[in-house]
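Me: Hi! Could you walk me through this model? I'll just ask things as they come up.
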Amino acid sequence: MAFTLLAWTCAAACDDDSATPPTPIPDAGPDGEPPPPPPPPPPDGGDGGDAGPFRPLLAVGGAHVCAVLESGEPRCWGSNGSGELGNPQVVTYPDGTFFFDGSDVSFPRPASIPSAAGLALGIADSYAAQSTCALAANGDVTCWGNDRTGALGRGPDSAKLSDRPHPEAAIVAGLPPSVAVATNGATSCAVSNAGAVHCWGSNEYCLLGNDAPGIVRSPVAVPLPAGRTATVVTLGSEHACTLLDDGTVACWGNATRPKEAGAVTPRVVAALTDVVEIGAGWQTTCARTRAGEVRCWGNNVYGQLGRPTPEVVDEVPAPAALPSGDRATALGVGYAHACASLESGSLHCWGSNQYGEIGTSPADTPSPGIPASVLPRRVEGLPHAPASISAGLEITCAVLTDHGVWCWGKNGNGALGQMSVDEEPHPAPLRVTF
């Protein structure tokens, strides 16, 4: 999961050009003619046929999912309200108005780039989450979808088109060749070949590594701890973290003003070393160590830390209560839940479970407020061990060792890839239909 780095946000409330909802998409052309019909499904996907094996590389967003074929071609499905699936379906009329077919897609179809070596999706229950970024093999970062907060990195001139869907991928200008990318839908970041971190988009929570207010639509450098370089980066709803070259973790954000709680610039997390993988969610961060532990810290109101805590917030990284004697081999952190695959081949999830996203019926995880489990629970029904896992808002997906993709949780936008849409919980893993 070195390149499948995910993070989450709600819509930025303090940024000048993101305080109002997007402009409604017109229902008809300038002369009242009906909009053109949506394009037909792709010939090699979405008809139940075999689309080919998948790499252990996928990303789950708020309501959409992307995975990568062995050929390197990304396939995306689910919510498409801002073109986050990367399917160009915009028709511009002579007077400058446009029609965009933002229909949800309940089967995987090609995205608008030929190949991807890494993916990152915005994850939240708001329009700010409707964005996707990809890393190309040559180090280019491309983004598409919603640009209300500048998370697509299209430069200062893009503000005048920020309310328009952007299903077409475009390279983020001003970035050096990159090795990792992350987005939370409102802010995006990348790690360069040289280990520098650059971020762009909303700075409501100081995620750009400074306390300047507003939106920055081009990449800016984030100051790292002295003498250190970054290897990967992850974005939570209100904070960001990077895995440093010495195996430590530095985090920043969750601060709208310098004197408030949080850090404007990255601070090394105490008592945490030998880390190989990180993930961030809503006020929660988890790290997988080389020894196979998963250590989490932050808000535990939904059991996101994977262990009982005496207080709602625990600032000290401590192990999740995974089965004794088994080592974690992969980590997926969602908005309010997390999962870890183990050396034994099993998969365990914990936290929020409103739609069965931890692989257990919500009825089996009663708790005050929404269904949740403080302790990790084994996900049953997977025919093979996970090779890669990713967690989103209320969805979890895995690429198994047989290269098939399985998902469970919420299917409201067709994000489970079942050629259908419904609002029922789906705790049992379902193989994505191709």
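Me: Which strands form an open sheet, and in what order?
Reply: This is a predicted model, and in it 4 strands form an open sheet in the order 2-3-4-7, with antiparallel pairing. The edge strands, strand 2 (54-60) and strand 7 (105-110), each pair on one side only. From one strand to the next, the twist averages 20°. Strands are DSSP runs of E, at least two residues, numbered from the N terminus, and two of them pair if DSSP finds at least two bridges between them.

Me: How many bridges join strand 3 to strand 4?
Reply: 5 bridges join strand 3 (residues 64-69) to strand 4 (residues 74-78). C66 has C76 in strand 4 as its bridge partner.

Me: New topic: what nonpolar surface patch do V301, V312 and V313 make?
Reply: They make one of about 240 Å². Areas come from the Shrake-Rupley method with a 1.4 Å probe.

Me: Where does V313 lie?
Reply: V313 lies in strand 23 (residues 313-319).

Me: And how much of the chain is buried?
Reply: 57% of its 434 residues, where buried means under 20% relative accessible area.

Me: Anything on numbering and cut-offs?
Reply: Residues are numbered from 1 along each chain as its sequence is written, and side-chain values use heavy atoms, leaving out hydrogens and water. Local features need pLDDT of at least 70, side-chain atom pairs count only at pLDDT 80 or more, and totals for chains, interfaces and linings use all residues.

Definitions and conventions. Buried < 20%, exposed > 50% of the residue type's maximum accessible area, 1.4 Å probe, protein only. Patch = residues over 30% accessible without salt bridge, like charges linked within 9 Å, V, L, I, M, F, W, Y side chains within 5 Å. Salt bridge = Lys/Arg side-chain N within 4 Å of Asp/Glu carboxyl O. Axes fitted to C-alpha atoms, helices over the stretch in contact; angles between N-to-C directions.
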